[in-house]
Amino acid sequence: MGPGGYLTAQTDLRGYLTEWRGLYSGTTPCVLLPSTTGQVAEILRLCARHRIGVVPQGGNTGLVGGAIPHSTEARPQVLVSARRLDRIRSIDAEDFSITAEAGCLLATLQAAASEAGRLFPLSLAAEGSCQLGGNISTNAGGTAVLRFGTMRDLVLGLEVVLPDGRILDGLRSLRKDNTGYDLKQLFIGAEGTLGFVTAATCKLFPQPSSVVTAWVTLPSVAAAISLYGAARDHLGDDLTAFEFASQFTVELVLKNIPGTRAPLDNPGPWNLLMEVSTPRTDSGLEARVQDFLATMQDGNRIIDGVVAVNRAQRDALWHLRHSMSEAQKLEGASIKHDVSVPVARMEDFLADATAAVGSMVTGVRVVAFGHLGDGNVHFNLSQPQDSDGAAFLARWDEISHRVHEVAVSFGGSFSAEHGIGALKVAELAHWRSGLPLELMRAIKFALDPLGIMNPGKLFRAE
Amino acid sequence: MQKIIVCLKRVVDYNVRIRVKPDGSGVVTEGLKMSINPFDEIALEEALRLREKGQAQEVVAVSIGPEDVQQQLRTALAMGADRAILVQTSAELEPLAAARILHKIVLSEQPGLVLLGKQAIDDDCNQTGQMLAALWDRPQATFASKLELKGTVATVTREVDAGLEVIEVDLPAVVTSDLRLNEPRYVKLPEIMKAKKKTIDVVAIDSLGVDAAPVLRVTRYDTPPVRSKGGMVKTVDELVTALRDRGLLA
């Protein structure tokens with residue numbers, strides 16, 4: 001591995017072995033830091049020969065324990081970090097594509113695209129630390145899914161090291177390539193259980209030239225949903241973000257994150273961050289958005305709103321949105337749910353789920369926010385004030401299962417964008433039992449018959 | 001007092017990365033996000049707060065530039081300015097020309113106070129406020145981080161190199177705002193709609209009879225030299241050697 005290629009001292013390992021929320025910590029004899037695809041291949045070949053588990057890790061910003069190894073004497077696991085696989089291999093502005101290695105920070109990719117006059121649209125709160133490989137392996141979502149899709153929609157080609165050390169080179173930037181099974185799709189969202197993604201070719205887009213960002217307060221989620229439909233009708237594809245948050249969530253941000261301030265002095269029960277953008281130089285865009293929102297206000301669908309007049313205000317509004325997880329973390333123990341439902345059922349889901357958890361834990365504080373345009377809500381629960389956090393967390397499985405039941409009853413999913421990891425293994429087994437799970441296991445066995453890739457994630461360890 | 005005039009300049013938004021034109025004749029502004037100069041926005045916020053405290057009756061926003069500047073004046077009206085004046089010209093103006101034009105407006109409007117930013121973030125001149133005060137022959141208080149009005153006197157806390165300086169100036173006066181004076185408000189929807197009905201008086205620059213011709217000749221624009229990448233050293237000894245090699249350590 002060469003100098004700097006591995007870590008074995010426990011003090012050096014600590015940062016790799018604990019997830020940022022502190023819910024998961026693991027053990028491993030060593031962290032490997034390959035800097036070439038060849039080194040990754042060599043690692044996997046050796047691990048296969050010796051039946052050693054391999055846990056791929058990106059920026060370690062996950063929320064479901066997917067990148068934490070659980071090594072035992074009998075079944076050792078090494079952690080393979082993508083950190084040093086951090087080169088941007090090429091960027092082709094005319095082809096609207098970029099090829100980069102798994103360890104590139106998302107923010108670095110965004111900046112490289114911008115430097116070339118292009119946009120890499122994936123954007124999420126962890127973008128300063130999360131990495132491309134992790135984004136692919138979790139099929140990351142974020143705040144621009146409404147307009148540009150999830151990571152799956154952005155990947156054109158992949159380079160993957162298979163569990164036996166062979167390299168699948170599929171770094172093609174073709175938009176059309178119907179040549180049998182689309183193998184790359186297997187590895188997107190596979191959470192490192194089928195192979196190690198070492199590089200990817202991704203789509204780029206024209207850079208937005210005109211951007212209008214508004215913060216709106218609303219009387220209800222129903223009003224937000226109605227606004228959503230009207231906004232898409234009125235603004236078409238220019239609508240790029242439609243994020244919502246309960247007033248309680250915003251209050252936590254204002255209370256716990258220094259330097260934040262309320263955009264409006266007349267708050268409502270729900271808040272919305274809406275962004276409209278176009279690559280065209282469109283000086284009329286701002287007025288169009290203003291007129292649209294004013295009509296909505298006249299129709300009492302919104303309470304009030306502000307429109308950012310400069311980038312500083314725009315950044316401040318996004319900072320409120322991106323600080324929500326952090327703000328909740330400072331309120332003590334939390335149980336997080338990352339569910340999706342059809343957009344039109346969001347209000348019903350929130351009402352039923354809130355009632356359900358309220359009857360299970362008196363005083364539980366619901367922190368609900370997310371991507372309304374994607375029907376995705378982070379239905380998070382903070383421990384009741386002045387209560388025992390550990391006792392609250394001890395009820396995680398029971399409470400989560402109930403919330404997931406409500407989501408599924410509205411045609412939703414118990415896992416929208418954060419993935420399964422170690423956290424939702426039992427839920428996956430429950431909600432995808434029968435044929436779906438059987439097929440997933442068949443794919444897993446076809447690619448990783450020895451079961452060395454990320455053991456215990458997605459499925460129970462054998 | 002009856003009236004406060006706030007002078008606003010339209011500039012490339014401060015979060016936009018500036019690119020120099022390949023031929024070095026200027027910077028690229030086409031298609032970029034334009035905003036009110038942030039220091040001027042702070043000046044406007046201060047004027048609005050004075051009016052809301054009942055210390056002024058009217059806030060008038062004034063700007064100079066092409067027709068597009070109406071966008072920024074609309075924003076000023078949406079923030080709460082009562083009306084706006086645009087002195088229309090397509091010429092690039094230097095601070096002296098801007099001060100002469102603003103002086104004409106001040107003479108006809110007779111404000112009790114003129115507020116503007118300490119400098120514009122495009123040319124960083126930091127001259128217009130001072131020149132305006134001289135032409136108008138009224139006191140000036142620059143780099144204000146706090147402003148209090150009492151009768152015919154303004155008490156201004158100034159940010160100076162040595163710390164803070166508190167001065168009193170007789171009104172009418174020119175006050176230029178520093179960053180810490182306040183944090184400008186968000187523009188609310190109903191205010192945006194109200195602003196559409198407020199007036200922007202457009203004045204042709206020629207009608208003012210001022211000499212706005214440039215007195216400076218810009219020879220060339222260049223980007224600052226790129227900072228060279230730092231290197232990592234592994235030991236203190238290596239660091240000492242590296243510093244010695246560069247003559248930074250004896």
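Predicted model: local features only at pLDDT ≥ 70, side-chain atom pairs only at ≥ 80, totals over all residues.

Trainee: Into which domains is chain A divided?

Mentor: The assignment gives domain 1 (6-81), domain 2 (88-206), domain 3 (210-324) and domain 4 (332-418) of chain A.

Trainee: How far apart do the C-alpha centres of domain 1 and domain 4 of chain A lie?

Mentor: The two centres are 31 Å apart. Contact between these domains of chain A involves four residues of domain 1 and five residues of domain 4.

Trainee: And what area do domain 1 and domain 4 of chain A bury between them?

Mentor: The buried area is about 390 Å², with 70% of it on carbon and sulfur atoms. On the side of domain 1 of chain A, R21(A), L23(A) and L63(A) supply 80% of the area buried against domain 4, more than any other three residues.

Trainee: How many salt bridges are counted between domain 1 and domain 4 of chain A?

Mentor: The count for that pair of domains is zero.

Trainee: Changing topic, where does the second largest pocket lie?

Mentor: The second largest pocket lies between domain 2 (88-206) and domain 3 (210-324) of chain A, because both give residues to its lining. The space in this pocket comes to about 1,400 Å³.

Trainee: Which residues lie nearest the centre of that second largest pocket?

Mentor: Those are L119(A), Q207(A), P208(A), R311(A) and R314(A), out of 43 lining residues. Elements of chain A that give two or more residues to this lining include α3 (106-115), β12 (210-218) and α11 (311-322).

Trainee: How do the lining residues divide into nonpolar, polar and charged?

Mentor: In the lining of the second largest pocket, 17 residues are nonpolar, 15 are polar and 11 are charged.

Trainee: Now the two chains: how many residues of chain B are in contact with chain A?

Mentor: On chain B there are 22 such residues, and they are in contact with 31 residues of chain A. Together the chains bury about 2,200 Å², and carbon and sulfur atoms give 50% of that area.

Trainee: Which three residues supply more than any others of the area that chain B buries against chain A?

Mentor: Y186(B), K188(B) and L189(B) supply 34% of that area, more than any other three residues.

Trainee: How many salt bridges cross the interface of chain B and chain A?

Mentor: Five salt bridges are found across that interface. A salt bridge also joins the side chains of E183(B) and R261(A), with 3.1 Å from N to O.

Trainee: How many salt bridges are there over all chains?

Mentor: The whole structure has 37. R89(A) and E101(A) form a salt bridge through their side chains at 3.0 Å, N to O. R89(A) is in strand β5 and E101(A) in strand β6 of chain A, so this pair ties together parts that are 12 residues apart in sequence.

Trainee: Last topic, the backbone: which residues does a cis peptide bond join?

Mentor: The cis bond joins L171(B) and P172(B), with omega about -5°. P172(B) sits in the loop between β9 (163-170) and β10 (173-177) of chain B.

Trainee: And what is the phi of N60(A)?

Mentor: N60(A) has a positive phi of about 55°, although this residue is not a glycine. N60(A) belongs to the loop between β3 (53-57) and β4 (77-81) of chain A.

Conventions. Residues numbered from 1 in each chain as written. Chains lettered and ligands numbered in written order. Heavy atoms only, no water. 1 Å grid on protein atoms, 1.4 Å probe; cavity = no way out; pocket = protein on both sides within 12 Å on 5 of 7 lines; lining within 4 Å. Points joined across faces, edges and corners; volume = space filled by probe spheres on them. Helix = DSSP H or I, 4+ residues; strand = E, 2+ residues; numbered from the N terminus. Nonpolar A, V, L, I, M, F, W, Y, C, P; charged D, E, K, R; others polar. Domains from an automatic or database assignment. Contact = heavy atoms within 4.5 Å. Buried area = accessible area lost by both parts, 1.4 Å probe. Salt bridge = Lys/Arg side-chain N within 4 Å of Asp/Glu carboxyl O.
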